[in-house]
Amino acid sequence: MVEPRRIFLGWDEPVLPAAARRLLDEAARLGEFDLSGSVVVVPTSRAARLFRGVLVEEALARGGGAICPPAIVSPGELRSVLARSATPPAGVVTKRLAWIEAIRAAGADVLGALLTDVPLGDDAIDVSRVARLFEAWHRDVCAAGRRFGDVASVGEGVPGFADADRWRAADVVQREYERILASLNMHDEGLTLIDAIARAVPDERHGRHAPLGSGRRIALLGVVDLAPVLRAGLALAPGVTALVAAPESERDWFDAFGLITGSARERWATRHVPLEDASIRFAEGPDEQARAALHLLARACANLADPPPPSDIVVAVAETDSTPSLAPALAIAARCVQPRGIETRDGRGRPIERTPVATLVRLAGEYARTGSMDDLAALVRHPDCERWLLRAMGPPQFGDAAPSVESWLASLDRYRNDTVPESARGTLAGGHPAHRAVVERLRDAVDGLLGPLLDRTARPAASWAREWLAMLSRAYEHRRLRDIDPVQTQRLAASDAIRDAALDMASGPPTPITSWEAGRLLLESLDARAIAPEPGHDAIEMVGWLEVALDPAPIAIVVGLNEGQVPAASPTTPMLPDSLRRALGLDTSESRLARDAYLLTLLAQSKRSLGVVVGRRDGQGNPLRPSRLLFADEDAVAARRLERFVRGDAPRTDGEAGTGEGDAPTTPEALRTTDPGQTAMPIDRWSVPESLSVTAFGAFLRSPYEFFLRRARGLEDVEEAGAELDGRGMGTLLHEAVGVLAGSDAGASDDPSRVRQALSDALSDAARARFGPGPRAVVRAQIEIARERLAVAAGEQADWARTGWRVVFAERDFKAGAAGLVVDKQAIGIHGRIDRIDRHDDGRWAIFDYKTGESPDEPDKAHRRGRGPNREWTDLQLPLYRHLAAPWLRAVESERDAAAGAACERPDLLGRIVVGYFRIGASPEHIGVARAEWDAGALADADAAAANVVRAIRGGEFRVAGRGNGRHEGRVVGALSSGGWGVVAKAAARATREAEGVP
């Protein structure tokens with residue numbers, strides 16, 4: 001064995017440029033920058049990409065000589081460098097299918113020793129979940145240079161170890177897995193490396209072994225932890241060099257390969273980390289942490305003559321799957337910088353499983369599995385499916401007009417909310433015939449897209465791989481994907497990844513699975529893979545914790561230095577506890593702590609400026625603990641930091657960059673931040689409407705800007721249908737039933753039983769029309785609940801009729817132009833629908849709005865807030881109903897007078913109109929007539945409030961996000977803070993392009 005060579009690069013400058021200079025110096029002595037015979041191992045794939053660029057730049061700086069670059073690999077790729085094989089490595093999908101086959105072949109006796117619930121059924125997804133467990137055990141045990149059968153013997157020396165029989169049972173499955181791959185003429189890289197190391201023993205005759213690595217020189221650059229099997233392989237490879245990111249004075253803190261192992265690991269775990277108190281911020285949730293990061297950035301730039309270019313700054317987002325909100329919060333905060341926003345780029349990339357192409361596969365698989373209406377609705381909302389449907393569903397299916405996404409989604413949602421169907425298969429029933437026809441056409445078109453994937457029989461995996469590729473080919477056959485657009489680049493990369501996974505599946509075992517199981521396996525093969533954006537100099541890169549130390553940017557901010565994130569939580573599992581991992585030489589809590597202590601020390605030493613943000617709560621409001629690395633210092637320093645964390649740092653103004661401990665507010669103007677909630681709201685292309693609905697007035701009073709978004713930009717909430725009727729669905733059903741009272745004998749009857757029967761019959765008819773002959777059981781129960789409510793309402797209605805009132809009109813529409821208001825001598829129309837109008841024998845009229853919630857408010861509480869004479873109007877619906885109905889009621893009275901042959905003297909009509917609610921709540925006290933007891937003065941105030949609304953709308957005064965209890969303000973400001981106004985602008989631009997026929 002040749003002893004590895006260690007070269008200490010120091011840590012007073014970025015690591016990658018120093019390493020590039022050292023390698024090029026040596027290469028220049030051998031030729032013209034010829035590194036083709038070398039392999040450089042770096043900690044992450046991003047570091048590999050960066051180092052490749054740094055090498056080229058350094059070679060160009062030396063005169064532009066030709067460079068033959070080395071192979072630059074991550075530790076995971078080092079296995080294939082060390083051990084070559086005559087057969088190709090198995091892909092991720094092939095391995096998963098091989099594990100599934102091996103688990104099924106093992107039988108109940110073997111698996112019973114391992115698992116309490118033995119998954120030997122036909123469901124491949126259930127078996128796949130167990131296969132993932134085997135994959136995790138296999139990955140860790142192979143990293144230790146062992147097989148499953150070896151773990152039993154290793155565990156004998158571990159106190160409390162009692163899983164020998166389980167590991168022997170697992171060994172049976174692992175050997176079958178290896179046999180299946182061999183039958184496919186493939187190999188597993190981990191097992192191949194173990195075998196290669198076992199074969200590389202000293203030759204009895206010559207005392208030598210066959211070296212690993214094919215004789216290539218191998219350099220470890222900034223790598224401080226490696227799996228034991230890789231370290232063992234490197235020990236059998238000639239010419240290994242460790243480029244250590246530390247000065248020569250630290251040589252005793254690293255082993256012969258530049259790794260942190262053995263006693264060095266224990267020393268690093270207790271070493272003082274040189275952090276300055278002024279560089280540490282403690283902040284609450286993700287939003288506050290993002291702003292704290294900007295303050296630290298401002299502090300780093302305070303003494304610079306000019307703001308640094310974005311390429312000089314890197315932000316490490318140390319977060320786990322449980323705290324995935326730091327990156328978007330940071331991106332939002334950066335956009336709110338004055339006078340220009342700071343662009344950020346998430347260098348960690350977008351997970352492939354969250355790209356549009358992968359999402360289409362997931363949604364299509366779910367619909368193929370369930371055939372449910374909910375999954376159909378989710379699938380047709382996918383943008384790429386929408387585009388395909390726009391091509392597939394031409395004008396002949398929608399009349400003469402071209403198809404519209406909005407029109408079919410509206411019909412689909414209406415049908416789902418009206419009928420609450422469980423399945424989209426077979427003959428649809430109930431609902432409005434036009435909506436039902438649209439849903440059937442949508443379903444048939446989607447069936448054409450999915451084709452054979454809807455077949456529910458199990459087939460060999462390879463067959464489904466071809467069908468999934470065919471479906472994607474149909475979906476994107478008319479799309480020209482170009483890599484000049486970032487979104488298109490993601491689609492291209494995701495398409496390539498899924499194609500490769502499908503080809504991998506096609507070459508794997510002929511495991512019988514269903515189409516959706518095949519789709520799920522394809523997506524699972526993409527797990528943890530991401531599409532990294534192209535690096536550039538125009539944005540601040542956001543990277544992961546393990547990537548920041550080797551980034552050449554001189555300014556670094558670490559956000560999320562919390563326990564469980566830095567260091568990450570222990571990787572232990574019941575089968576591989578820390579004690580067993582330690583015996584196998586795998587990473588443990590202690591090894592991760594030592595590694596992260598080194599990385600934080602390297603950052604503090606090599607960066608011109610380092611800032612650290614420690615969160616106190618995650619995105620869900622759960623408390624967080626500070627990283628123990630913050631307290632790797634003298635006791636007094638640790639105590640001071642703990643006190644700051646517990647009490648929280650004092651709030652700073654937007655212009656301050658200090659710590660609360662004497663720093664001056666030195667934020668450069670270019671980095672001053674604003675509150676995202678105060679971001680200027682875009683108001684453009686607003687035209688004053690000729691008519692307003694009566695509900696628009698209340699919408700404006702609650703949130704002028706939300707009113708603008710809805711009325712001027714057409715944005716609306718999409719209410720997802722559930723497995724039962726929601727509040728609106730129940731209200732619609734009750735409305736349809738009580739409509740029978742208008743102009744009927746029941747509406748004039750004071751006999752409760754007669755009214756009850758009429759309402760019950762009307763409810764049955766409405767339910768049959770909406771849900772068909774066989775609604776879901778839960779819907780049938782809700783129908784009976786509605787019948788009970790109507791039974792109580794029948795008694796209240798009979799009492800009301802007994803006082804002389806008759807129901808004469810229901811669901812009366814008043815179109816634009818039928819009524820209006822005059823404000824500042826200029827008329828504006830009002831329109832709307834009135835649920836119910838009653839007439840009294842004495843000439844009075846009553847206008848009612850049906851309220852069907854659980855416990856509807858009284859009219860005054862629903863329309864005004866505050867106390868005393870200065871109550872403020874928050875809704876104007878009922879007062880405006882008087883003006884909406886008055887012209888029509890006058891015409892009705894005139895017609896009746898004419899029919900009677902004489903004109904009657906009648907008092908002012910507005911004074912004879914009663915308004916209120918007819919409530920049909922969940923309990924008897926919330927059922928019946930609730931009149932609005934407003935006097936003439938209150939109604940005059942309501943008219944004045946309506947006039948003020950009209951003036952504000954005419955003047956375009958929409959910049960107030962919300963009023964009242966904060967609910968509407970929070971919703972609008974939250975949308976704006978998340979870039980919602982940008983979405984609005986994009987939607988408006990897209991609508992303009994579509995109107996102009998631009999694709």
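This is a predicted model: local features need pLDDT of at least 70, side-chain atom pairs count only at pLDDT 80 or more; totals for chains, interfaces and linings use all residues.
Mentor: Before we look at single residues, keep one term in mind: a residue counts as buried when its relative accessible area is under 20%, as exposed when it is over 50%, and as partly exposed in between.

Trainee: What makes the contact of E541 with R46 a salt bridge?

Mentor: The closest N and O atoms of E541 and R46 are 3.9 Å apart, and the rule asks for a side-chain nitrogen of Lys or Arg within 4 Å of a carboxyl oxygen of Asp or Glu, so the pair qualifies as a salt bridge. E541 belongs to strand β14 and R46 to helix α2 (residues 45-61), so the bridge ties together parts that are 495 residues apart in sequence. R46 is buried as well, because its relative accessible area is 5%.

Trainee: How many salt bridges does the structure hold, and what places R499 and D496 about one turn of the helix apart?

Mentor: The structure holds 64 salt bridges. R499 and D496 form one of them, with 3.4 Å from N to O, and both lie in helix α19 (residues 486-506), where three residues separate them, about one turn of the helix. R499 has a relative accessible area of 38% and is partly exposed, and D496, with 34%, is partly exposed too; both values fall between the limits of 20% and 50%.

Trainee: Why are D799 and R802 separated by about one helical turn?

Mentor: They are three residues apart in helix α30 (residues 777-802), which means a separation of about one helical turn. The closest N and O atoms of D799 and R802 are 2.5 Å apart, and the two form a salt bridge. D799 is partly exposed at 38% relative accessible area, and R802 is partly exposed at 45%. Elsewhere, salt bridges that share partners join R96, R132, E135 and E524 into one network.

Trainee: Turning to the aromatic residues, how many aromatic pairs are there, and why is the pair of F707 and F958 called stacked or edge-to-face?

Mentor: There are 22 aromatic pairs in the structure. For F707 and F958 the ring centres are 6.0 Å apart and the planes stand at 25°; because rings pair if their centres lie within 6.5 Å, and planes under 30 degrees apart count as stacked, this pair is stacked. The pair links distant parts of the chain, with F707 in helix α26 (residues 704-713) and F958 in the loop between α33 (936-954) and α34 (967-977), 251 residues apart. F707 is buried at 1% relative accessible area, and F958 is buried at 0%.

Trainee: And what makes the pair of F809 and W888 stacked or edge-to-face?

Mentor: Their ring centres are 4.5 Å apart and their planes stand at 70°, and since an angle over 60 degrees counts as edge-to-face, that is the name the pair receives. F809 sits in strand β19 (residues 805-823) and W888 in helix α32 (residues 877-900), so the contact ties together parts that are 79 residues apart in sequence. The two residues fall on either side of the 20% limit: F809, at 21% relative accessibility, counts as partly exposed, whereas W888, at 18%, counts as buried.

Trainee: Which residues form one aromatic cluster, and where does the charged end of R267 sit?

Mentor: The cluster is formed by W99, F134, W137, F148, W167 and Y177. The charged end of R267 sits over the ring of W253, at 4.1 Å from its centre, and the charged end of R271 sits over the ring of W253 as well, at 4.4 Å from the centre.

Trainee: Finally, what is the volume of the largest cavity, and which residues lie nearest its centre?

Mentor: The search of the whole structure finds five cavities of 30 Å³ or more, and the largest has a volume of about 80 Å³. Ten residues line the largest cavity, with L294, L297, V315, L330 and I540 nearest its centre. By class, its lining has nine nonpolar residues, one polar residue and no charged residues. The largest share of the lining, three residues, comes from α11.

Key. Residues are numbered from 1 along each chain as its sequence is written. Side-chain values use heavy atoms; hydrogens and water are left out. On a 1 Å grid over the protein atoms alone, a cavity is a set of points where a 1.4 Å probe fits but cannot get out, and a pocket is an open set with protein on both sides within 12 Å along at least five of seven lines; lining residues have an atom within 4 Å of a point. Grid points are joined across faces, edges and corners, and a volume is the space filled by probe spheres set on the points. Helices (H or I, at least four residues) and strands (E, at least two) are DSSP runs, numbered from the N terminus. Ala, Val, Leu, Ile, Met, Phe, Trp, Tyr, Cys and Pro count as nonpolar, Asp, Glu, Lys and Arg as charged, and the others, Gly among them, as polar. Buried means under 20% relative accessible area, exposed over 50%, partly exposed in between (1.4 Å probe, protein chains only). A charge sits over a ring if NZ of Lys or CZ of Arg is within 6 Å of the ring centre and within 35 degrees of the ring normal.
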